[in-house]
Amino acid sequence: MRPFEYQAPATLEEAVALLQKWGERARPLAGGTDLIVQLRRGMRQADLLVDVKRIPELTAIRYDPTEGLILGAAVPCADVADHPAVRAYYPALVDGAGIIGGSAIRQRATVGGNLCNASPSGDAIPPLMVLEARAEIAGPKGRRSVPVSSFCLAPGRSALAADELLVSLRLPPPGPREGARYLRFTPRGEMDIAVVGVAAWVRWDESYTRISAARIALGAVASTPLLAQEAAEALIGREPDEAALAQAARLAQEAARPIDDVRGTFLQRLHLVAVLTRRALRDALQRAKGAQIDGE
Ligand SMILES: Cc1cc2nc3c(=O)[nH]c(=O)nc-3n(C[C@H](O)[C@H](O)[C@H](O)COP(=O)(O)OP(=O)(O)OC[C@H]3O[C@@H](n4cnc5c(N)ncnc54)[C@H](O)[C@@H]3O)c2cc1C
């Protein structure tokens with residue numbers, strides 16, 4: 001690995017100033033579970049790593065019934081998955097953050113790093129998308145906010161400029177009769193990258209008969225995680241019977257643009273999109289009734 005400088009600023013302003021000064025030669029460092037591997041393999045170069053784990057705003061996690069969840073970008077996945085409010089109000093985020101790597105990786109790996117790495121298979125990203133999370137960003141020109149659903153632009157490339165930092169993720173508070181679920185398929189039970197990941201979010205109507213709103217996000221089936229909008233819209237106003245779920249699954253397959261690679265073939269991925277979409281929708285509907293799903 002090429003030698004690099006290391007700095008661990010204590011404030012956001014210092015971190016942004018370092019990024020501005022060093023430009024493309026600097027990289028923010030959170031848990032390092034993607035970045036250090038990439039530097040070691042020569043997939044990325046950096047002359048300066050700016051460790052963001054000492055900045056209080058990035059390490060805080062706070063839930064407020066009006067504001068929702070404010071999740072600092074550098075909070076480790078283990079803390080996210082164990083947080084009582086996240087477990088109570090955002091179980092789909094626990095589904096995603098709680099399966100990244102093994103338990104040792106999750107002590108270091110962060111949800112913010114998972115998003116900024118912008119991998120098509122990042123497990124935290126589809127849940128954040130269906131939960132309508134926004135990425136709060138700081139840079140030399142001030143703050144801005146971007147929906148997570150438009151944050152990833154290409155594999156490894158995000159909406160962040162070289163001198164910008166992800167500060168936090170903001171998730172709106174959950175409403176009544178809403179539920180969400182993230183499921184992935186991996187050949188191994190743990191320490192594996194998703195062949196396909198699907199997040200589903202639903203809201204029942206007041207009589208718990210029909211679906212009044214839905215969102216579906218797909219991972220590992222295109223160059224970025226994506227929202228399967230037509231699949232979700234087809235569910236609105238429908239009773240979630242087999243025909244409705246099968247139609248959503250078929251439309252989700254149409255939204256997917258999978259490739260053949262070492263982890264899975266085009267056809268296997270298409271098949272998995274349908275299977276996981278149905279299962280994630282069923283589980284999300286259960287959660288939206290306040291019921292526990294199998295394995296919880
Ligand atoms: C053994 C192993 C198993 C893994 N298993 C999984 C898995 O099951 N699922 C999965 O999705 N991933 C997996 N990963 C990948 C990785 O652990 C995750 O993507 C993790 O969430 C990355 O977080 P991090 O804090 O380590 O990010 P880092 O490696 O520190 O950073 C990742 C990228 O984001 C940038 N970055 C980080 N924080 C910020 C910020 N605040 N602002 C701007 N840019 C920032 C960095 O510059 C870098 O480009 C695995 C990795 C390993 C080594």
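This is a predicted model: local features need pLDDT of at least 70, side-chain atom pairs count only at pLDDT 80 or more; totals for chains, interfaces and linings use all residues.
Reader: How many residues does the contact take from domain 2, and how many from domain 3?
Author: Two residues are in contact here if their C-beta atoms, placed from the backbone, lie within 7 Å. The contact takes 23 residues from domain 2 and, from domain 3, 25 residues.

Reader: Which element gives the most to the side of domain 2 that touches domain 3?
Author: At least two residues each are supplied to that side by α6 (91–97), α9 (125–130) and β8 (152–154). By class, the side has 15 nonpolar, six polar and two charged residues. The element that gives the most, with five residues, is α9.

Reader: Which residues come nearest to the ligand?
Author: The shell around the ligand draws at least three residues from each of domain 1 (5–51) and domain 2 (56–171). There are 33 residues around the ligand, and those that come nearest are Ala30, Gly31, Gly113, Asn114 and Cys116.

Reader: Which element gives the largest share of the shell around the ligand?
Author: Elements giving two or more residues to the shell are β2 (26–29), α2 (35–40), α7 (103–108), α8 (111–116) and β10 (165–171). The shell divides into 19 nonpolar, 10 polar and four charged residues. Its largest share is four residues, and the element that gives them is α8.

Reader: What share of the 296 residues in the protein chain is buried?
Author: A residue is buried if 20 or more other C-beta atoms lie within 10 Å of its own. By that cut-off, the buried share of the 296 residues is 48%.

Reader: Why does the radius of gyration of the protein chain agree with a compact globule?
Author: The C-alpha atoms fill a box of roughly 55 × 45 × 35 Å along the principal axes. Because a compact globule of 296 residues would have a radius of gyration near 19 Å, the chain agrees with its value of 19 Å.

Methods:
Residues are numbered from 1 along each chain as its sequence is written. Ala, Val, Leu, Ile, Met, Phe, Trp, Tyr, Cys and Pro count as nonpolar, Asp, Glu, Lys and Arg as charged, and the others, Gly among them, as polar. A residue is near a molecule or strand if its C-beta atom, placed from the backbone, lies within 6 Å of it. Domain bounds come from an automatic or database domain assignment. The radius of gyration is taken over C-alpha atoms; the globule rule is 2.2 Å times the number of residues to the power 0.38. A residue is buried if 20 or more other C-beta atoms lie within 10 Å of its own, exposed if 12 or fewer, and partly exposed in between; C-beta atoms are placed from the backbone.
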